[in-house]
Amino acid sequence: MGRIFDLDLQLLNDALILAINVFILFFAASYLMFNPVRDMLKKRQDKIAADIASAAQNKEEASALKANYDTRLKEADKEVEAILSEARKKAMKREEEIVAEAKEEAARIIKRAQTEIELERKRAMDDMKKEMIQIASMMAGKIVTQSMNIEIQDALVEETLKEMGEGTWQN
C-alpha cells in the first residue's frame with residue numbers, strides 16, 4: 001500500500017522537493033528582484049511626489065510674480081496717466097501763454113499803427129500849414145506886385161480862410 005490516491009511515494013517526494021525549491025526560488029527572487037523593483041518604485045513614487053510639490057511651489061511663485069507684475073503694471077499705468085495729465089496741464093498753460101503773448105503783440109502792433117497814423121496826420125497837418133504859408137506868401141507876393149489896398153487884401157485873406165476852413169488853423 002504505498003500509494004495515496006494512486007500517487008506513488010516518489011512522486012510525492014519529488015513534488016515536495018519541487019515545492020520547497022519553488023519557495024526557495026520565490027524568496028531568492030523576491031530578495032534579488034522584487035525588493036530592488038520595490039525600491040525603484042518607491043524612489044519613483046518619492047520623485048513624483050517631489051516633482052508635484054515642486055510644481056505646486058513653482059505655481060505659487062508664478063502666481064506671486066504675476067500679482068507683483070500686475071501691481072507694477074497698474075502703478076506704471078498710474079504713472080503714465082500722471083505724466084500725461086501733467087503734460088496736458090503744461091500744454092494748456094503754454095497755450096494760454098502763447099495766446100497772451102499774441103494778444104500783447106497785437107495790442108502793440110495796433111498801438112504802433114495808431115501812433116504812426118497820428119504822426120502821419122500831424123505830418124499832413126504840418127504839410128497843409130506849410131502849403132498855407134506858401135499860399136499866403138505867394139498871395140503876399142501878388143499883393144505887393146499889384147499894389148493892392150488893404151480892403152482887397154483883407155477880402156482875399158477872408159476868402160482864403162473860408163475856403164480852407166477855420167478848423168485848420170486851430171489844430
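Which residues form a nonpolar patch on the surface? They are F23, F26, F27, Y31, L32, M33 and F34, and together they have about 860 Å² of accessible area. We will come back to them after a look at the whole chain.

This is a predicted model, in which local features need pLDDT of at least 70 and side-chain atom pairs count only at pLDDT 80 or more, while totals for chains, interfaces and linings use all residues. Residues are numbered from 1 along each chain as its sequence is written, and side-chain values use heavy atoms, with hydrogens and water left out.

Let's begin with the fold. The chain has three helices and zero strands, so its pattern along the sequence reads α-α-α, where helices (H or I, at least four residues) and strands (E, at least two) are DSSP runs numbered from the N terminus. Helix 1 covers residues 9-146, and helix 3 covers residues 167-170.

How much confidence goes with this picture? The score to look at is pLDDT, the predictor's confidence in each residue, from 0 to 100. Its mean over the chain is 86, and 88% of the residues reach 70 or more. Where pLDDT is low, the predicted coordinates should not be read in detail.

Now for the surface. Of the 171 residues in the chain, 4% are buried, meaning under 20% relative accessible area, whereas exposed means over 50% and partly exposed lies in between (1.4 Å probe, protein chains only). The chain exposes about 15,500 Å², and carbon and sulfur atoms supply 62% of that area. These accessible areas come from the Shrake-Rupley method with a 1.4 Å probe, and for residues only the protein chains shown count as cover.

Back to the nonpolar patch. Patches are made of residues with over 30% relative accessible area and no salt bridge; like charges are joined within 9 Å, and nonpolar side chains (Val, Leu, Ile, Met, Phe, Trp, Tyr) within 5 Å. One member, Y31, sits in helix 1 and is exposed, with a relative accessible area of 61%.

A search of the whole structure finds one aromatic pair, and F26 and F27 form it edge-to-face, at 5.8 Å centre to centre with 65° between the planes. For such a pair, ring centres of Phe, Tyr and Trp (its six-membered ring) lie within 6.5 Å; planes under 30 degrees apart count as stacked, over 60 as edge-to-face and the rest as tilted. F26 is partly exposed at 44% relative accessible area, while F27 is exposed at 56%.

Finally, the charged side chains. The structure holds seven salt bridges, each being a side-chain nitrogen of Lys or Arg within 4 Å of a carboxyl oxygen of Asp or Glu. One of them joins E81 to R88, with the closest N and O atoms 3.7 Å apart. Here E81 is partly exposed at 45% relative accessible area, and R88 is partly exposed at 48%.

Another links R94 and E97, whose closest N and O atoms are 3.3 Å apart. These two residues are three apart in helix 1, so about one helical turn separates them. R94 is partly exposed at 40%, as is E97 at 34%.

E118 and R121 also meet in a salt bridge, at 2.7 Å from N to O. Both lie in helix 1, three residues and about one turn apart. E118 is partly exposed at 32%, and R121 is partly exposed at 43%.
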